[in-house]
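Work through the exercises below with the model open. Try each task before you read its solution.

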Amino acid sequence: MNRTTNQLVEAAILSSLTILLAIGAYYIPALGGVLYFAVPVPVIILARRNGAMYATLSVIVSTFTIFMALSVVNGISVGILLGIPAIIIGTCMHRGKVAYWSVLAGSFATMIALMLLTILLQQITGIPLMDTIKEGVMFQIDATSKIYDSLPGATAEQIELAKTRLKAATDQTLLLFPVFMLMYSFISCIINYTIAEKMLKRLRNPIPHLPHIMLFKLPKNAPLGILIILVLTYIITTLHIVDEKILTANVVVLAQFIFFIQGLAVIFFYMHFKKFSTFLGTMVIVFVMLSGFGLLFLSMVGMTDTIIDFRRKLVIKAQK
């Protein structure tokens, strides 16, 4: 077979795999989360090996097949939310871009895809996304109330407290929805890149390795940049250009998330430097991340590290 035929056959095989993963994620809830992040991988591999044209063809075929097998919403979701970023990431790999560039390009594509998907779903269903989320939470609150009502020891105060907490969590989620979209875009692309890298290595199509998180470093002027963003945020909210509460909350959480990643890198580097066992290191990371104070602590460590550079000082101290 000539090269074009080989590429078409490969596109057909990987399209079938994409469809199977998407259907599996839908029908197997226990593995849905794992399979969901694996769905874009065949498209990424195809784009890396054969370019954007064949990957786009694969996404179109997969979208229509899932549309017929499951539903319009599932087909559109796979095609837009998973397909577009996968094409971008794979194309960056095909062109020999560095790992972080592929992840950033994919994250930007995911953000655009999320906004496009939100608009399309609202047009199809006629219901705004936020209203759908609110309805889902109200259903959850009612279900929780019924569960508490069925418990013999539950008091009216406990039921009301559970309702209040769920309502507060909902309000917080809606308030921070934009920054959550950004976080999802970045984290999902890192997961997709990592899985694709391992698969491509087996296929003897190596790509630039995504550096370990302990090597991640923000620019030295990152605190100054974030300070300028906060000042601009204050000015914008003072002028009442956008909603003060939404903008301020999202900017603050985004800054905390950025410094949290830097702080996590410092902790990983310290444990590697001190030769902690894998088990002990994992336990420390899990404990820190599951505690509210730990998240704040890591953000503070990350912000301080951009100024002091703890890792450089550790290396210099060890060399003396």
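**Exercise 1. Which residues of H3 are buried?**

Solution. Start with the ground rules. This is a predicted model, in which local features need pLDDT of at least 70, side-chain atom pairs count only at pLDDT 80 or more, and totals for chains, interfaces and linings use all residues. Residues are numbered from 1 along each chain as its sequence is written, and side-chain values use heavy atoms, with hydrogens and water left out.

Step 1. Buried means under 20% relative accessible area, exposed over 50%, and partly exposed in between (1.4 Å probe, protein chains only). Helices (H or I, at least four residues) and strands (E, at least two) are DSSP runs, numbered from the N terminus.

Step 2. List the residues. Val41, Pro42, Val43, Ile44, Ile45, Leu46, Ala47, Arg48 and Asn50 of H3 are buried.

Step 3. H3 spans residues 41-50, and nine of its ten residues are buried, so the helix is mostly covered.

Step 4. Find the cover. The buried residues of H3 pack against H1 (3-27), H2 (29-38), H4 (52-69), H5 and H9 (177-202). Contact here means heavy atoms within 4.5 Å.

Step 5. Glycine 51 follows H3, and its phi is positive, near 100°.

**Exercise 2. Describe the crossing of H3 and H5, then the residues that make the contact.**

Solution. Step 1. The two axes come within 7 Å and cross at roughly 35°. Axes are lines fitted to C-alpha atoms, for helices over the stretch in contact, and angles run from 0 to 180 degrees between N-to-C directions.

Step 1. The crossing of H3 and H5 is right-handed. A crossing is right-handed if the near helix is turned clockwise from the far one by less than a right angle, and left-handed if anticlockwise.

Step 2. H3 brings Val43, Ile44, Ala47, Arg48, Arg49 and Asn50 to the contact. H5 brings Gly83, Ala86, Ile87, Ile89, Gly90, Thr91, Met93 and His94.

Step 3. Sort by class. The contact of H3 with H5 has seven nonpolar, five polar and two charged residues. Ala, Val, Leu, Ile, Met, Phe, Trp, Tyr, Cys and Pro count as nonpolar, Asp, Glu, Lys and Arg as charged, and the others, Gly among them, as polar.

**Exercise 3. Why do H5 and H6 count as roughly antiparallel?**

Solution. Step 1. The axes of H5 (residues 72-94) and H6 (residues 99-125) come within 8 Å and cross at roughly 160°.

Step 1. Apply the cut-offs. Angles under 35 degrees count as roughly parallel, over 145 as roughly antiparallel, 65 to 115 as roughly perpendicular and the rest as oblique. H5 and H6 are therefore roughly antiparallel to each other.

Step 2. The H5–H6 crossing is right-handed. The contact has 21 nonpolar, four polar and no charged residues.

Step 3. Zoom in on one residue. Isoleucine 80 lies in H5, and counts as buried at 12% relative accessibility. Isoleucine 80 and leucine 114 are 34 residues apart in sequence and 7.9 Å apart in space, C-alpha to C-alpha. Leaving out residues up to four places away in sequence, isoleucine 80 touches Pro85, Ala113, Leu116, Leu117 and Leu120.

**Exercise 4. Where is arginine 204?**

Solution. Step 1. Arginine 204 sits in the loop between H9 and H10 (222-238).

Step 1. At 74% relative accessibility, arginine 204 counts as exposed.

Step 2. Check the backbone. Phi of arginine 204 is near 60°, a positive value in a residue other than glycine. Most residues other than glycine have a negative phi.
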